[in-house]
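Here's a quick briefing to read with the model open beside you. Have a look at the fold first, then come back for the notes.

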Amino acid sequence: MSELTDPVALTQTLIRCPSVTPADEGALAVLEHVLGRLGFRCHRLRFEEPGTAPVENLFARMGRDAPNFAFAGHTDVVPPGDPGSWRVDPFGGVIEGGQLYGRGAVDMKGAIGAFVAATARFLAEHRPAGSISFLITGDEEGPAINGTRKLIGWLKEQGQRLDACVVGEPTNPARLGQMIKIGRRGSLTGWLTVPGVQGHAAYPERADNPIPRLLAMLAALTDEPLDGGSEFFQASELVITSVDVGNQVSNVIPGQAQATFNIRFGDRHSAKSLDGWLRRRLEAVGGRYELRTETSGEPFVTRPGPFSELLESLIERELGVAPELSTSGGTSDARFIKNACPVVEFGLVGATIHQIDERVDLADLEALTRIYQALITSYVRPA
């Protein structure tokens, strides 16, 4: 097996680039070199804006004709934590017991290694009748401002059209082939501040304690379900993630109380409708408050059709597993790609993502490569 067709060697090389967001540390140069050798035309794209770190991205394409099939992913990773807590160097790409260890092994340098190896195997025997593209960012684990969102905008400016895309996120809970993501829930974060008047705990009549009012407001937001779910989405959920008054002593009534919450929501809501619902519930409680909300993505779904059905059939043929079509979990860069073309997500087993000793089974890397190669062969087709 050559270095270009071996997903393990490619993944090891990428892991050895300590590309913690927004640093690249040579990861995109590795891909640019390998894809260039395969005959792709590569574009390195650096995006930035005030108040954000500049981010390196890569777009590569082979072919000019439709259909243009794209692999999408990210080379940036989260920090490894205490390296001394790992059984191996988190950026060493070490193999032990049939598993490859390292930060990004699953999320998602392993899938990118499988992307490239699958493409190299296809090209060793065929030329594509259509086109194959790669959209690789270094800004998925971070604010996601200077990455895929701007890359999609650049493609539109260049007149580049995508017909279908697979994002290599680790979609499978415990076993390869269990799950394809056909959409994602929206995510809204809220910061609620209730002002009061600070005072001595022995004289509460001289103060205005904001804590009871905050608790009443939080109860109003959580006392009944947002919805019961829909055809493709589980029930929306509001989760309180922080309650804080910054009080260091026991005999002072605080001057304000704060809470943070996150809502993961399906297609029965939008960020705008949720903001209105929140304010109506808070105003019904009464009293002063300040609410700030921020949305990282609206819900979306790629309804089941020929593309998802093709991937389902290839997974079942290769692994003997009928995958579930799901919209569960957090957000991903698919939320930007869905504006350009039908997009699904399928990658490795996500049990160890963002953990100490993140690792991937070598057998899973090989099986994922075969599935991706079959997808290229079936969708793009040989010339």
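This is a predicted model: local features need pLDDT of at least 70, side-chain atom pairs count only at pLDDT 80 or more; totals for chains, interfaces and linings use all residues.

Residues are numbered from 1 along each chain as its sequence is written, and side-chain values use heavy atoms, with hydrogens and water left out.

**The sheet**
- Three strands make an open, antiparallel sheet in the order E4-E5-E19; helices (H or I, at least four residues) and strands (E, at least two) are DSSP runs numbered from the N terminus, and two strands pair if DSSP finds at least two bridges between them.
- E4 (95-96) and E19 (359-361) are the edge strands, each with a single partner, so one side of each has no neighbour in the sheet.
- Two bridges connect E4 with E5 (residues 99-101), and Glu96 sits opposite Gln99 in E5.
- Helix H9 (residues 362-379) lies across E4, E5 and E19, at about 65° to E19 (axes are lines fitted to C-alpha atoms, for helices over the stretch in contact, with angles from 0 to 180 degrees between N-to-C directions; contact means heavy atoms within 4.5 Å).

**Helix H1**
- Helix H1 (residues 7-15) is mostly covered, with seven of its nine residues buried (buried is under 20% relative accessible area, exposed over 50%, partly exposed in between, using a 1.4 Å probe and protein chains only).
- The buried residues are Pro7, Val8, Leu10, Thr11, Gln12, Leu14 and Ile15, and their cover includes helix H2 (27-38), E4, E5, helix H3 (105-123) and H9.
- Asp6 caps the N-terminal end of H1, with a side-chain oxygen 3.0 Å from the backbone nitrogen of Val8.

**Salt bridges**
- The whole structure has 19 salt bridges, each a side-chain nitrogen of Lys or Arg within 4 Å of a carboxyl oxygen of Asp or Glu.
- Glu56 pairs with Arg44 at 3.5 Å, N to O; Glu56 is in strand E2 (residues 55-62) and Arg44 in strand E1 (residues 41-47), twelve residues apart.
- Glu56 also bridges to Arg46, with the closest N and O atoms 3.4 Å apart, so this E2-to-E1 pair ties together parts ten residues apart in sequence.
- Salt bridges link Glu32, Arg44, Arg46, Glu48 and Glu56 into a network.
- Arg213 and Asp208 meet at 3.6 Å, N to O; Arg213 counts as buried at 17% relative accessibility, whereas Asp208 is partly exposed at 26%.

How values were computed:
A polar contact is a pair of N or O atoms within 3.5 Å; within protein, one must be able to donate a hydrogen and the other to accept it, and residues adjacent in sequence count only if both atoms are side-chain atoms.
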